[in-house]
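Dear colleague,

I am passing a structure on to you. Please look it over before reading the notes below it.

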Amino acid sequence: MRVTWSGGGSLSFRLDPDDEITGTASDDYPIKLAINSCTVGGVPDDAHPDLFAVAAWTIVAPWTRRRITFDRAVSAELAQVLYEGWGVEAGPVGAEPRRPGSRLAISYSGGADSVAAATMYPDAPFIHFRRVTHPRVPNRWPHYRSDVLAKLAEQTGRELSTVTSDLEYTLAEPRPGYPEHHAVAAGALLLADRLDLGGLGFGYEMGSRWLGGGRYLWRYTPDNPMWSPHGRWGRLFAAAGVHIVLPVGGVSEAVTMRLALGSGLRPQVRWCLRGTDGPCRVCGKCLYKELIQAAVERRPLDTPIKPDHPAARKYLKKPPYGGQEMIQYGLSRVPGIENTLFGPALDYFDVSEEATSWLEHCYPPALAEIPEPWRATAAAFVEANVGLMSGPEVRRVETWGA
Ligand SMILES: [Zn+2]
């Protein structure tokens with residue numbers, strides 16, 4: 001693989017003969033390459049070379065097999081992490097490592113999880129990734145309202161950098177999206193020198209960090225290769241002086257929902273990518289989040305979705321479901337749930353409140369892995385607003401999926 005950054009955040013890459021246009025992201029999800037160019041806008045041209053290298057790697061890692069040649073020399077430390085983590089030889093080598101900056105920024109999407117992370121650090125600047133169309137790839141996803149999300153980010157009143165990018169269109173399959181989940185940080189990495197960043201906070205919660213949620217494994221994952229500090233991505237970001245920080249990595253989506261809706265950012269919370277004046281209420285994400293919100297607010301489910309709707313059909317089948325711990329949480333707490341489209345799923349779970357109380361507290365090891373400069377703030381916030389898990393609750397996490 002050969003990568004070239006030109007002015008204006010323009011990235012192009014050329015595959016070597018042993019590279020391939022099919023690959024897997026770090027969560028083993030199969031993906032296919034569409035095009036070998038993209039742009040990351042709103043970033044300076046003079047960042048440290050290791051920042052350019054990591055930003056590029058979030059986009060080209062799935063296609064790279066043996067070696068990567070950057071257009072500027074990287075540090076030996078960064079090249080070593082690429083070799084140890086991926087078996088890829090990186091060069092040329094020759095730069096001094098980047099010293100971590102002093103600040104933490106939040107990678108801000110506007111969803112409940114990133115709002116909760118933001119609430120923990122009221123002074124942290126936001127970096128918002130805004131999808132724009134690619135000049136050479138047709139946009140078959142016009143319902144994705146990135147403009148609405150960007151506007152909401154502006155209304156938060158926080159210090160904000162909006163990065164515009166078409167990098168998601170480098171993916172042909174399954175659809176436009178991040179080649180690696182970390183590609184959402186490509187712009188933040190390139191801004192790290194200008195903003196003096198030493199850490200980047202993501203809204204990944206306990207399901208994503210510890211329970212193998214999302215597209216991943218559905219079992220306890222202390223060595224999660226994407227988000228653990230000692231995993232290959234955690235080490236790579238650290239080598240570039242931008243630590244991955246998961247402020248809400250120890251709490252469930254019930255807690256992030258409660259924190260987000262109880263925060264000053266509540267008017268700007270938006271997890272739906274389709275609605276303009278508000279959430280669309282009829283997509284799968286809206287249904288899932290409505291279940292969680294109803295459980296947090298202890299009220300009946302309020303959705304126009306009928307059981308024959310595509311977003312509801314999966315709950316007629318057997319688990320596992322995505323976000324399964326939160327489905328179980330909702331089933332155990334939403335009044336009248338048996339008379340809703342979630343009724344059939346009741347057969348598969350222990351829906352006592354006791355069996356789901358662990359989802360209201362923080363898993364302590366998640367605080368321990370927040371880098372030292374930002375740990376005490378998170379710990380104090382959790383103590384005041386959430387509370388730590390008991391021993392039996394910790395065991396719920398550590399036996400998940402077993
Ligand atoms: Zn929606």
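This is a predicted model: local features need pLDDT of at least 70, side-chain atom pairs count only at pLDDT 80 or more; totals for chains, interfaces and linings use all residues.

Residues are numbered from 1 along each chain as its sequence is written.

Domains. Domain 1 covers 2-95 and domain 2 covers 255-357; the bounds come from an automatic or database domain assignment. Their centres, taken over C-alpha atoms, are 38 Å apart.

Sheet. Helices (H or I, at least four residues) and strands (E, at least two) are DSSP runs, numbered from the N terminus. Three strands form an open sheet in the order S3-S4-S11, paired antiparallel; strands pair if DSSP finds at least two bridges between them. S3 (22-24) and S11 (171-173) are the edge strands, each with a single partner, so one side of each has no neighbour in the sheet. From one strand to the next the twist averages 45°. S4 (residues 30-33) is joined to S11 by two bridges, and Leu 33 stands opposite Leu 171 of S11.

Helix pair. H3 (residues 112-120) packs against H8 (residues 253-261) at an angle of about 65°, with the axes 8 Å apart. Axes are lines fitted to C-alpha atoms, for helices over the stretch in contact, and angles run from 0 to 180 degrees between N-to-C directions. The contact includes Val 115 and Thr 119 of H3 and Met 257 and Leu 259 of H8; residues are in contact if their C-beta atoms, placed from the backbone, lie within 7 Å. The residues of this contact comprise six nonpolar, two polar and two charged. Here Ala, Val, Leu, Ile, Met, Phe, Trp, Tyr, Cys and Pro count as nonpolar, Asp, Glu, Lys and Arg as charged, and the others, Gly among them, as polar.

H3 is mostly covered, with nine of its nine residues buried. A residue is buried if 20 or more other C-beta atoms, placed from the backbone, lie within 10 Å of its own, exposed if 12 or fewer, and partly exposed in between. The buried residues of H3 pack against S8, S9 (126-131), S12 (197-201), H8 and H13 (372-385).

One residue. Ser 107 lies in S8 (residues 103-107) and counts as buried because it has 24 C-beta neighbours inside 10 Å. Leaving out residues up to four places away in sequence, Ser 107 touches Ser 114, Ile 127 and Leu 200, among others.

Regards

Note on methods. Two residues are in contact if their C-beta atoms, placed from the backbone, lie within 7 Å.
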